[in-house]
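Grab a pencil and work through these exercises with the model open beside you. Each task comes with a solution that goes step by step.

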Amino acid sequence: MTRVPAYSPYAVAEHAVALLLALDRKIPRASNRVHDLNFSLNGLVGFDLHGKTAGQILRGFGMKVLAFDMVPSHDWAKEHGVIYTDAKTLAHESEAISLHTPLTPETYHIIRRETLELMKPGVILINVSRGALIDTKALIEGLKSGRIGGVGLDVYEEEEGVFFEDLSGQILHDDELARLLTFPNVLITAHQAFLTQEALAEIARVTVANLIAFATSQPFLPETSLSAQPKTQ
């Protein structure tokens, strides 16, 4: 067994931005309406990203970018105009929050009822990392109360046995996932943020290189050789 600790930071970051833009401008709802020949604009008002605050890499949109990282990279942050802060400040000040962190005992359910209560009303929450970073029950309550303006998930807490499978002819037995799918302001993709030609090629390249290294008693490729950016939330 070998592992590929990083492959394409761009693939995952770009997917996070795609989810954010789609939710902000109500693209899923608008697309469904047009297919029903409903061309009304009622309920489709979004907000400009420019000038807003996000816990993500969105400087290109003119946003103020806050980041919380347990292992901060201050040189990287200075170079990219990112401001490190604590988790509570990030939650309280951001209009959009994106999760890019591994799942550890410290990050398990980092987004929970107490965290959600700190966030601005109407916040958009994106998760392209690990499903268990978010307490799904608390997320559903936040959506029902209207506190959360939109949720974009490429991962889900109980995705095993569901994601990567075609269940279109079956009954979905996961009640929480089924509930999430009923919200018009929730956009879910099936763990595909990594799925670009470049990322797949890098995964294959590093896997083969590490297999060769193992067979010849050489060290595995270091993570720093994989063009990985610091992980921020």
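**Exercise 1.** How many of the residues of strand 5 (residues 123–127) are buried?

*Solution.* Some ground rules to begin with. This is a predicted model, in which local features need pLDDT of at least 70 and side-chain atom pairs count only at pLDDT 80 or more, while totals for chains, interfaces and linings use all residues. Residues are numbered from 1 along each chain as its sequence is written, and side-chain values use heavy atoms, with hydrogens and water left out.

Step 1: Buried means under 20% relative accessible area, exposed over 50%, and partly exposed in between (1.4 Å probe, protein chains only). Strands (E, at least two residues) and helices (H or I, at least four) are DSSP runs, numbered from the N terminus.

Step 2: count. In strand 5, 5 of its 5 residues are buried, leaving the strand mostly covered.

Step 3: sort by face. In a regular strand the side chains alternate between the two faces of the sheet. On one side of strand 5 sit Val123, Leu125 and Asn127, on the other Ile124 and Ile126, and all of these are buried.

**Exercise 2.** Which strand does strand 4 (residues 96–99) join through 4 bridges, and in what sense do they run?

*Solution.* Step 1: the rule is that two strands pair if DSSP finds at least two bridges between them.

Step 1: strand 4 is joined to strand 5 by 4 bridges, and they run parallel. Between them, Ile97 has Leu125 as its bridge partner, and Ala96 has Ile124.

Step 2: look at strand 4 itself. Both of its faces are covered, with Ala96 and Ser98 buried on one side and Ile97 and Leu99 on the other. Strand 4 also pairs in the parallel sense with strand 1 (residues 53–55), over 2 bridges, and there Ala54 has Ala96 as its bridge partner.

**Exercise 3.** Is His100 buried or exposed, and with which side chain does its own side chain make a polar contact?

*Solution.* His100 is in the loop between strand 4 and helix 5.

Step 1: His100 comes out at 15% relative accessibility, so it counts as buried.

Step 2: the His100 side chain makes a polar contact with that of Ser98, at 2.6 Å. (That's a pair of N or O atoms within 3.5 Å; within protein, one must be able to donate a hydrogen and the other to accept it, and residues adjacent in sequence count only if both atoms are side-chain atoms.)

**Exercise 4.** Phe164 has a positive phi, and so does His191. Which loops hold Phe164 and His191?

*Solution.* Step 1: Phe164, with phi near 75 degrees, is in the loop between strand 6 and helix 7. His191, with phi near 55 degrees, is in the loop between strand 7 and helix 8 (197–215).

Step 1: compare the surroundings. Phe164 is exposed at 59% relative accessibility, whereas His191 is buried at 17%.

**Exercise 5.** Which residues does Ala11 touch, not counting those up to four places away in sequence?

*Solution.* Step 1: Ala11 belongs to helix 1 (residues 9–24) and is buried, with a relative accessible area of 5%.

Step 1: the residues touched by Ala11 are Ala193, Phe194, Thr196 and Ala199.

Methods
Contact means heavy atoms within 4.5 Å.
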